[in-house]
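Reader: Can you walk me through this one? Keep it brisk.

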Amino acid sequence: QVQLVESGGGLVQAGGSLRVSCVVSGRTFNSMGWFRQAPGKEREFVAAISRSGGYTDYSDSVKGRFTISRDNAKNTVYLQMNSLKTEDTAVYYCAGGSSSRVQRLYDYWGQGTQVTVSS
């Protein structure tokens, strides 16, 4: 059974940092991504990474502030979030199976972890 389990979300002040993690079990994905969904909004692409880490992609809204990385030995993908803004408040989801910005190209999804940025 394939599972993606996110953790590390929480409450942080604007300007602060947070790292969320996604542990994968049941298989290994060549590429993975992070998405987020804010209240009342559609889920959107945040970042993606290839298996080697040699390819990464970021949405314009997080570029320069967020860093996606992975530890293949632990089958874990991370999203380091710095200089957080209130508009980063959302449920963050990891997904496996693609490095695309297109959600339907991902095969598996985690349950999400809440990140709340206070002003």
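Author: Gln 3 stands opposite Ser 25 in E3. Two strands pair if DSSP finds at least two bridges between them. Strands (E, at least two residues) are DSSP runs, numbered from the N terminus.

Reader: What should I know about the model and the numbering?

Author: This is a predicted model: local features need pLDDT of at least 70, side-chain atom pairs count only at pLDDT 80 or more, and totals for chains, interfaces and linings use all residues. Residues are numbered from 1 along each chain as its sequence is written, and side-chain values use heavy atoms, with hydrogens and water left out.

Reader: Back to E1 and E3. How many bridges do they pair over?

Author: Five, in the antiparallel sense. They belong to an open sheet of four strands, in the order E1-E3-E8-E7, with antiparallel pairing.

Reader: Which are the edge strands?

Author: E1 (3–7) and E7 (66–71), each pairing on one side only.

Reader: New topic. How many disulfides?

Author: One, counting cysteine sulfur atoms within 2.5 Å. Cys 22 and Cys 94 form it, with their sulfur atoms 2.0 Å apart. The pair links distant parts of the chain: Cys 22 sits in strand E3 (residues 18–25) and Cys 94 in strand E9, 72 residues apart.

Reader: Why is the disulfide of Cys 22 and Cys 94 called right-handed?

Author: Because the torsion about its S-S bond is about 50°.

Reader: Is Cys 22 buried or exposed?

Author: Buried, at a relative accessible area of 0%. Cys 94 also counts as buried, at 0%. Buried means under 20% relative accessible area, exposed over 50%, partly exposed in between (1.4 Å probe, protein chains only).

Reader: And how many salt bridges?

Author: Five. The rule takes a side-chain nitrogen of Lys or Arg within 4 Å of a carboxyl oxygen of Asp or Glu. Arg 36 meets Glu 44 at 2.7 Å, N to O. Arg 36 also bridges to Asp 88, with the closest N and O atoms 2.9 Å apart. Asp 88 lies in the loop between strand E8 (76–81) and E9, and Arg 36 in strand E4 (residues 32–37), 52 residues apart.

Reader: Which residues are linked in that network?

Author: Arg 36, Glu 44, Arg 65 and Asp 88. Arg 36 is buried at 5%, and Asp 88 is buried at 0%. Glu 44 is partly exposed at 35%.

Reader: Last one. Where is Ser 98?

Author: In the loop between strand E9 (90–96) and strand E10 (108–109). Ser 98 counts as buried, at 11%.
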